[in-house]
Amino acid sequence: QPRFQFVPTFLSDLNVTEEVAAQCGNSVTCKFDSTVTGDRNIGSRTKITETSNTKDRQIFYNNPPEINAESKLLIFSSKKVVNFTLDVSDVDQEQPVNVEVIGVFNYVSSSPMSRIYTFELTLPNLDQLKRTKMEFRATDLMNATTKHPVAVHWCDCRSRDECVESNSFDSFVNLECACEAGYMGATCKDKIDHCNLQSCFPDVACSNSDTNSRQCGNCPKGFSGDGITCD
């Protein structure tokens with residue numbers, strides 16, 4: 001009983017014309033389909049499909065950029081400009097990616113040295129800063145994007161050392177102040193007047209000392225004592 005035999009056809013078995021070769025370029029499937037069918041339009045559609053499939057595979061297997069940076073930014077109220085640095089890598093392409101900051105900020109970014117991006121941010125007014133959400137975005141050549149939100153920690157204390165750290169990652173955090181000795185108030189900008197808090201003996205001169213206390217002068221004539229108590 002006769003058996004069916006299939007003999008495959010390979011591109012090397014075919015006579016590819018110069019026109020087909022010029023049209024298809026490096027696409028083997030385009031050359032094959034054009035030559036086998038005798039229809040160059042079919043080969044063109046094969047090449048378009050092949051290119052589209054290749055692009056889809058690249059997108060599917062592409063990894064988005066990776067961002068390594070702080071998640072909080074401490075801003076002291078007297079500052080008008082702050083710097084923020086990010087380490088951004090693209091494991092697939094190993095090329096610089098586009099990095100931008102989202103929010104009401106005017107900024108200048110440095111040309112990346114290796115993977116390090118530094119942003120010089122000009123701060124908006126406080127009302128705008130409270131309403132905005134700071135976010136950095138890194139986009140690679142395949143349009144894959146990674147977002148990195150940053151919480152703004154605002155310090156309006158008299159000195160940076162008086163700012164109380166917070167674990168909050170809200171978009172805007174108004175830090176509390178822990179006043180150093182000799183200062184008081186919500187922002188520690190009011191110097192304590194110890195003479196008003198606890199006066200000296202009547203008619204005795206009072207001054208605030210460097211030791212965070214009051215210093216009383218001599219007792220009035222005819223009295224003796226330390227100026228706080230005079231007999």
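Q: Which residue forms a disulfide with Cys24?
A: This is a predicted model, in which local features need pLDDT of at least 70 and side-chain atom pairs count only at pLDDT 80 or more, while totals for chains, interfaces and linings use all residues. Residues are numbered from 1 along each chain as its sequence is written, and side-chain values use heavy atoms, with hydrogens and water left out. A disulfide here is a pair of cysteine sulfur atoms within 2.5 Å. The sulfur atom of Cys24 lies 2.1 Å from that of its partner, and this partner is Cys30.

Q: Is the disulfide of Cys24 and Cys30 left-handed or right-handed?
A: A disulfide is a covalent bond between the sulfur atoms of two cysteines. The torsion about the S-S bond of Cys24 and Cys30 is about -60°, so this disulfide is left-handed.

Q: Is Cys30 buried or exposed?
A: Buried means under 20% relative accessible area, exposed over 50%, and partly exposed in between (1.4 Å probe, protein chains only). Cys30 has 0% relative accessibility, so Cys30 counts as buried.

Q: How many disulfides does a search of the whole structure find?
A: The pair Cys24 and Cys30 is one of them, and the pair Cys157 and Cys177 is another. A search of the whole structure gives a total of seven.

Q: How many residues apart in sequence are the parts that Cys157 and Cys177 tie together?
A: The sulfur atoms of Cys157 and Cys177 are 2.0 Å apart, and both residues are buried. Strands (E, at least two residues) and helices (H or I, at least four) are DSSP runs, numbered from the N terminus. Cys157 lies in the loop between S8 and strand S9 (172-174), and Cys177 lies in the loop between S9 and S10, so the parts that the pair ties together are apart in sequence by 20 residues.

Q: What is the relative accessible area of Cys230?
A: Cys230 is joined to Cys219 by a disulfide with an S to S distance of 2.0 Å. This link is left-handed, with -80° about the S-S bond. Cys219 is buried, with a relative accessible area of 15%. Cys230 is buried as well, and its relative accessible area is 6%.

Q: What is the order of strands in the open sheet of four strands?
A: Strands of a sheet pair through backbone hydrogen bonds, either parallel or antiparallel. Two strands pair here if DSSP finds at least two bridges between them. Strand S1 (66-68) and strand S5 (106-109) stand at the edges, each with a single partner strand, so one side of each is left without a neighbour in the sheet. The pairing is antiparallel, and the order is S1-S3-S6-S5.

Q: Which residue in S6 is the bridge partner of Phe84?
A: S3 and S6 pair in the antiparallel sense over seven bridges. In S6, the bridge partner of Phe84 is Phe119.

Q: What is the phi of Cys188?
A: Most residues other than glycine have a negative phi. Cys188 is found in the loop between strand S10 (183-184) and strand S11 (190-191), and this residue is buried, with a relative accessible area of 0%. Although Cys188 is not a glycine, its phi is positive, at about 60°.

Q: Is Asp203 buried or exposed?
A: Asp203 is found in the loop between helix H5 (194-197) and strand S12 (206-208). Asp203 is not a glycine, yet has a positive phi of about 70°. With 79% relative accessibility, Asp203 counts as exposed.

Q: How far apart in space are Ala205 and Thr122, C-alpha to C-alpha?
A: Ala205 lies in the loop between H5 and S12 and, at 56% relative accessibility, counts as exposed. In sequence, Ala205 and Thr122 are 83 residues apart, and in space, C-alpha to C-alpha, they are apart by 49 Å.
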